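Work through the exercises below with the sequence and the model side by side, trying each task before reading its solution.

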Amino acid sequence: MSIKIYPLQFDPILKERIWGGKKLQTVLNKPIVSDITGESWELSTVEGDVSVVANGELKGKSLTELIDQSPNEILGTKVYARFGNQFPLLFKYLDAREDLSIQVHPNDQLAKERHNSFGKTEMWYVMQADADARIIVGFKEDSSKEEYLENLKNNTLVAILDDVKAKAGDVFFLETGTVHAIGAGLVVAEIQQTSDITYRLYDFDRVDAQGNKRELHVDLALDAINYNKVDTHKKYETAPNQSNVIVDCSYFTTNFIPLDGKIEADSSGETFKVYMCIEGAFEMRYENVAYQYKKGDTVLIPADMRSYVLEGTAAVLEVYIS
């Protein structure tokens with residue numbers, strides 16, 4: 001039985017984190033109930049954290065239910081052929097009141113062998129940055145397992161890692177194996193493979209409310225780390241009212257759309273699309289119905305939504321699988 005196709009929004013899945021704060025509410029208007037809310041999962045099929053439709057006729061249905069019922073219509077023919085009934089991406093907003101832990105994610109092969117999971121290639125779009133906010137991405141110079149372990153033992157790991165100042169509009173693309181940490185004072189939109197596998201290397205000796213340090217995964221990380229210097233900062237065009245490519249990799253394509261007026265969009269039926277509104281507001285019109293979106297909103301466009309119109313004044317991330 002086919003389902004009704006229209007733009008789908010989902011209830012945010014809010015996550016308390018030791019490093020979280022209140023900006024998901026003050027900057028993105030999320031309904032947080034804790035002063036240490038670090039993440040809003042916007043679109044997820046991670047086990048235990050499956051997104052539920054918040055609007056329209058399908059309200060209350062989970063994303064996995066919709067895919068199981070109508071995989072080609074939701075995912076697209078090309079995505080379904082490649083991934084089956086799995087939704088291959090995870091979309092989040094993050095608020096780092098404090099530095100996140102220094103961490104690394106395994107590649108597909110390691111993640112499959114150890115966790116029966118995808119790896120975790122990801123990208124960050126910086127939505128808001130305090131003065132002097134920065135991120136850690138990779139090593140300052142090519143390193144080695146031995147140098148890494150020596151600095152870890154001596155509590156000097158940060159000294160050999162690349163520390164980059166970040167501002168609103170910056171994009172960082174992190175392939176698996178890249179050691180990284182989002183720094184304090186940043187609100188970030190994150191697009192990643194569907195995976196919750198993280199190896200924590202160093203957590204600044206923090207303790208939680210019960211006085212406990214978080215678990216580290218030093219041994220697991222050794223074979224996952226890329227010890228070479230990497231270039232993660234992505235430059236991109238900002239031509240108005242069109243899709244400007246930021247990232248185009250085998251896992252996802254992300255475009256930047258500076259919307260100032262109207263765009264007519266369409267779908268081949270091969271892949272879903274996701275729009276994240278990162279500034280301003282816009283309207284989407286589909287089959288004579290208007291849907292309204294504002295900063296912080298995320299919307300899934302099922303692959304079978306063949307033509308629609310975007311109109312407004314906004315900055316939008318457009319994501320799909322090539």
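**Exercise 1: a loop residue with positive phi**

D132 counts as exposed, because its relative accessibility is 62%, where exposed means over 50% relative accessible area, buried under 20%, and partly exposed in between (1.4 Å probe, protein chains only). The model is predicted, so local features need pLDDT of at least 70 and side-chain atom pairs count only at pLDDT 80 or more, while totals for chains, interfaces and linings use all residues. Residues are numbered from 1 along each chain as its sequence is written, and side-chain values use heavy atoms, with hydrogens and water left out.

Task: state where D132 is placed and describe its phi.

Solution. Begin with the place: D132 is in the loop between β7 (122-129) and β8 (134-139), where strands (E, at least two residues) and helices (H or I, at least four) are DSSP runs numbered from the N terminus. Then turn to the backbone: the phi of D132 is near 70 degrees, which is a positive value in a residue other than glycine.

**Exercise 2: F204**

Task: find the loop that holds F204, and decide whether F204 is buried, partly exposed or exposed.

Solution. F204 is found in the loop between β13 (199-202) and α7 (218-221). Its phi is positive, about 60 degrees, although F204 is not a glycine. With a relative accessible area of 26%, F204 is partly exposed.

**Exercise 3: aromatic pairs**

Task: classify the pair of F83 and F118, and then the pair of Y125 and F256.

Solution. The structure holds 10 aromatic pairs, a pair being rings of Phe, Tyr or Trp (its six-membered ring) with centres within 6.5 Å, stacked if the planes are under 30 degrees apart, edge-to-face if over 60, and tilted otherwise. F83 and F118 lie 5.9 Å apart, centre to centre, with 80 degrees between the planes, and the pair is edge-to-face. This pair links distant parts of the chain, with F83 in helix α4 (residues 77-83) and F118 in the loop between α5 and β7, 35 residues apart. F83 is buried at 13% relative accessibility, and F118 is buried with a relative accessible area of 19%.

For Y125 and F256, the ring centres are 6.2 Å apart and the planes are at 15 degrees, so the pair is stacked. Because Y125 lies in strand β7 and F256 in strand β16 (residues 253-266), the pair ties together parts that are 131 residues apart in sequence. Y125 is buried at 8% relative accessible area, and F256 is buried at 7%. Finally, Y125, Y236 and F256 form one aromatic cluster.
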